[in-house]
Amino acid sequence: MTPRLSVVVPFYNVRDYIGDCLDSIARQTWTDFEAILVDDGSPDDSAAIAQDFCDRDPRFRIVAQENQGLGPARNTGVRHADGEYITFVDSDDLVTRHGFEKLIRTLDSSGSSFAGGNARRFNNSSGVRPSWIHRLPFAKDRIATHVIETPDLILDRMAWNKVYRRSFWDEYGYEFPAIRYEDYPVTLKAHLDAVTVDALAVPVYYWRERESGESITQQKFQLGNMEDRVRSAEMVMDLIETGDTLREVRRRVHAHFTQIDMLTLMMAFGAAPAEEEQNLLKLARRLMDRLDDSVLARAHSYDRIQHSALAAGDVDLLRRLAHFRNDGGLRGGARALSRPGRPWQFEHNYPGVQDQSASVSKELYRLPMKDLTLATSVREVSWLDDGSLSVKGTAEIRHLETKTSSSLRVALVVGGAETPLAVRRYDATDTHGDPALVGFEVRLDKALLGKLKGTGAPAHFMVRLKSGRLRRHGKLRGQRPGSPGWPPGAWISSTSWVQPGPGADGAFVLRRMVDPTRLTAVSQTADALILQGRVPADLEEPKLQVTRPLAGKDQELPLTFSGDGRDFSVRIPVRPIIEDTNPDDPFTQRTTWAFRLVGKDDEKLLLWTGEPQAVHHLADGRMVSLTRSTGGYVNLHEAPLRLPAEHANIVAGSNGLELRIDGPELAGDGYTFSWRRYLDDSDDHADVTCRLEIAGGRWTASADLTDLIPADAVVNSTDPLASLADWILFATAPDGAEHAVQCEPFLSARLPVEVEQAGHTAALRPHAGTLHLEVR
């Protein structure tokens, strides 16, 4: 029987990744598919791994060809495909278990030409993160829409997060060009040709990122790569050259190319050999000449300086501008300059600003007053022994030095009324990497916290900074990793809980919860987790609903009530959770469940108010963990064993300061631990092996801090905030399998931990669920 879905998977030199990719396809909840694996002349043993899948699963088959590139390989796969629908998967990426099913179900319902879904970036050292380029097109579900109606869809330039109707594909005769960046000419044309399109907010695709992250010496900056990038952009712009209905699409496409592709060409001047600079100059001008002048005029001020240098053919300035940008100069390293004779007018201190015979107008370096905005951050959130809440952060005016003569006021805003707070100021690292009077702390005692409203909008903080003649104000925002992102909550009375966290607009807020639905204790038996909690008086006939958000599954668990009829307990058997081998996350193989108490007329999330300690249950190599979410609510995770870190300290040791990390001994003896950092421009790494202690059912991994400060590290003079080293804690199992140690949410709530060592700052922070030590 003809399968409904054809999955085209070209591969070339991906032996380290193709097995996981094909496994994620084989695990799909949508089982009626064929997978056409196109061997594009791969010289490694990728074909042997692919053939093994074909031998074990008749839905997989291989088509071989001489090496022609990704685009032609996809075209070959399409010619061999028979399904009613067609999709593409890159062989080093992953697809979510529910992805194909959700896309096909919406197409069956809507009749749209194709459907796309959200994407995630991932790697082993940094975990799973949202994909920046997909955040707007797939911010919410949009069924039967169109790129003219939803211009954000012009950012949807990849081929692989979609399922297309084969009849639609054949009607328009789509073929990928034999160049790199082959996706966008096809995907944008498909958006334009479609009758309607379905866009789903749920992640359906996992896009791999190399362990070392983006690098200025990657292949993307080679001249041939740049030529393909420009050719692809020209093909896309040809599609939208005319037509009044495409005016907004055209503007957004040109803005996107200015922001992404033109920027990449400008950065390439920092990596191009001298003999290629003139060819790169011609290529960059070729793209800039196609871009709309009104879009270029609205670009970032630094981009406009680079565009002007490009127009003037000033390769030397282009090279200096590229090095400054590539080295992180725009992150804050360049302070504003006062204009001569005009102390309250400023210029950007960018390369070329002081050139005597400048090829770029000095006016482009002018820093408008409107750009001197308030910059704030939240760096630490903690509850003190007296029950008061401490919030530490920074406040400064962007581009300017914060002087000791400046003044800072912070107020708590409750229902529109401001209450001034006592502010303690101190020196901290500012956005330019310098110590300055930007740090502050405010403390809110129980009496003040008791004024928070239990309903309505949460309270926020208003920050007012005066520096010289400048006055700036705004909400406190900018939560950093650690306790600002996983802030702990606390009782301020017998019935009121205060939970800090991000508000709807991204500002840092405080929410008061009166008599919340709450978890008070957790225990476990040999085969179950036992939850105890309390429901509010106004929740009638409550039932516990356990929800799996990504898969759309709900189940009810019976509650046993005691005491005054509001205290409850519930038993959660572990075996059914483990046997449901259908993980939501194809990389971590983790599934998440959330808890809600559903009453007669209302429902409430279950707040964690018990001991700040996760509970882990291991069986058959799978781990079930009950822990908290970023908002403080109860979550249950089921995943393969990845050792979690629960405590972290920097203490005095026999050889100086010692970094000690510990967690539960869940898997017996044989594990080793090391701090790992990936080398620049490479997936190679250096490791520092930890000393290991096993005692009382817990492991402790220790390392001397001096061993984690690279002796040959060079401070980046352009970007003082750049890390000298970024270490990730790894665990190695007895069978050699490695994984980044997971940073438990309750540990995240107690971080960061910072210490000075040998003239450097070492900061322990969480990042996408993993534990990092950043050395500056």
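Predicted model: local features only at pLDDT ≥ 70, side-chain atom pairs only at ≥ 80, totals over all residues.
1. Helix α6, which covers residues 183-193, and helix α7, which covers residues 223-239, have axes that come within 9 Å and cross at roughly 15°. Because angles under 35 degrees count as roughly parallel, α6 is described as roughly parallel to α7. The crossing in which α6 passes α7 is right-handed.

2. On the α6 side, the contact is made by Tyr184, Pro185, Leu188, Lys189 and Leu192, while α7 contributes Ser232, Met235, Val236 and Leu239. Sorted by class, the contact of α6 with α7 holds 7 nonpolar residues, 1 polar residue and 1 charged residue.

3. For helix α9 (residues 261-268) and helix α10 (residues 277-290), the axes come within 10 Å and cross at roughly 165°. Since angles over 145 degrees count as roughly antiparallel, α9 is roughly antiparallel to α10, and the crossing of α9 and α10 is left-handed.

4. Where α9 and α10 meet, α9 supplies Asp261, Met262, Leu265, Met266 and Ala268, and α10 supplies Leu280, Leu283, Ala284, Leu287 and Met288. By class, this contact of α9 with α10 has 9 nonpolar residues, no polar residues and 1 charged residue.

5. Helix α12, at residues 301-312, has 12 residues and reaches 17 Å from its first C-alpha to its last, which is close to the 16 Å expected at 1.5 Å a residue. The buried residues in α12 are Ser301, Tyr302, Asp303, Ile305, Gln306, His307, Ala309 and Leu310. After α12 comes Gly313, and the phi of Gly313 is positive, near 70°.

How values were computed
Residues numbered from 1 in each chain as written. Heavy atoms only, no water. Axes fitted to C-alpha atoms, helices over the stretch in contact; angles between N-to-C directions. Helix = DSSP H or I, 4+ residues; strand = E, 2+ residues; numbered from the N terminus. Parallel < 35°, antiparallel > 145°, perpendicular 65-115°, else oblique. Left-handed = near helix turned anticlockwise from the far one by under 90°. Contact = heavy atoms within 4.5 Å. Nonpolar A, V, L, I, M, F, W, Y, C, P; charged D, E, K, R; others polar. Expected span 1.5 Å × (residues − 1). Buried < 20%, exposed > 50% of the residue type's maximum accessible area, 1.4 Å probe, protein only.
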